[in-house]
Amino acid sequence: MTVLGEGRARALAGIALLVAALLPALLLRTPVLAVPGVVGGIAALLLVLRGQPNRVPGGLVALALILVAVGFATGVTDSTFLRQQLASTSFADAARRGGSFEFMQKTDATEEQGLVNEGILLFRSGDMEGAIELFRRAIEINPEYVHAYVSLGSAQLRIEQYEAAERSFRRAIEFDDENALAYLGLGQTYKLFGSTDEAIRYVERALELDPESADATFTLALIYADESEHEKEFEALTRTVGIDPRHSQAFSRLADIFLANDMYAEAVRALDATAAGRTPVEHIHTRLAQAYYSMGDLKRAESELRREISLRPRTASPRANLARLLAEAGRTKEAVSEWTVAIDLTTDRRLRSLFEAELAKLTD
């Protein structure tokens, strides 16, 4: 302050506080945090510039506490980074809700909890063997640790160790007979065994314990789909998206049902919801193009096919679909160009012959 003078020192400190208040919105990529950041930053700037020296520290502390509370209330739960960490897989969603995938603070976690936390990170990254090793180490430390058994069973399912997974889920139930995730895991295991009645029984038990489990209702939908019980499948899918409006797979399956039943407007809405969902699903734009084409909207159908091509530029099928659409619209020269690219891209001899035949019809 001696070098800069009191006025300049206050201005510099105030600007630094304003910038600091905006950092959470930038780092977490959460625009909603910018509003309290700007308000709080300006308030801090005015406090530093005009406040009595003996009141500035206390005022800044109070302002910081208010900003933290407002930030958590309005922005943190909508952070892209946190959404990605907490919602990277559908199982993680259910487990987070059920409690078994909750991350403990390092200062609070026991050794076995820390091992499970690390195993969950490996699970999400696709390293099932590494995750299984850590879950087993946690069980060695605490043989009654239910979350470790549930997590172990889930990882074993992913690598098709079905009998081992069944044992892990049953072990979890021995220690906690009201653990919804363990019953859901058993239901998924029996579905893979082909034991439909047992699968439904365990999944329904999971829903009794956790009626808001979208993963349980979606598992029921998959079971009913395998059994060709389409009304029950549709009911379970509808219940799933009611519980979880960002369940991509459920919306995707609903879209297929709508397309198969010529319900194109409903299919478009379901596919839009699929695209906005938590998990990426392939071929959304091709299916949207199919719906728009069937509705007679060739312009939108073409737009969706071009979006599909931009996502999969080295794949032949979107090019072939676009070529057919352009040919039907009388844009022969463009259609020939797309057929030529599709032929160059395909490695399937049967498809190549089919594409060449369709190109020949345009050039005869």
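Helix α19 (residues 332–345) has 14 residues, so at 1.5 Å a residue it should span 20 Å; its end C-alpha atoms are 20 Å apart, which agrees. The expected span is 1.5 Å times one less than the number of residues. Helices are DSSP runs (H or I, at least four residues), numbered from the N terminus.

This is a predicted model: local features need pLDDT of at least 70, side-chain atom pairs count only at pLDDT 80 or more, and totals for chains, interfaces and linings use all residues. Residues are numbered from 1 along each chain as its sequence is written, and side-chain values use heavy atoms, without hydrogens and water.

**Helix α19**
- Buried residues (under 20% relative accessible area, 1.4 Å probe, protein chains only) of α19 are Ala-335, Glu-338, Trp-339, Ala-342, Ile-343 and Leu-345.
- Lys-333 and Asp-344 are exposed (over 50%) on the face turned away from the buried side of α19.
- The buried residues of α19 pack, by contact (heavy atoms within 4.5 Å), against α17 (298–311), α18 (316–328) and α20 (349–363).
- Ala-342 has 0% relative accessibility, so Ala-342 counts as buried.
- Not counting residues up to four places away in sequence, Ala-342 touches Ala-316, Arg-319, Ala-320 and Phe-355.

**Aromatic rings**
- Seven aromatic pairs are counted, with ring centres of Phe, Tyr and Trp (its six-membered ring) within 6.5 Å; planes under 30 degrees apart are stacked, over 60 edge-to-face, the rest tilted.
- Tyr-149 and Phe-175 are stacked, because their centres are 5.9 Å apart and their planes at 25°.
- One aromatic cluster is formed by Tyr-162, Tyr-183, Tyr-190, Phe-193 and Tyr-202.

Key:
Helices (H or I, at least four residues) and strands (E, at least two) are DSSP runs, numbered from the N terminus.
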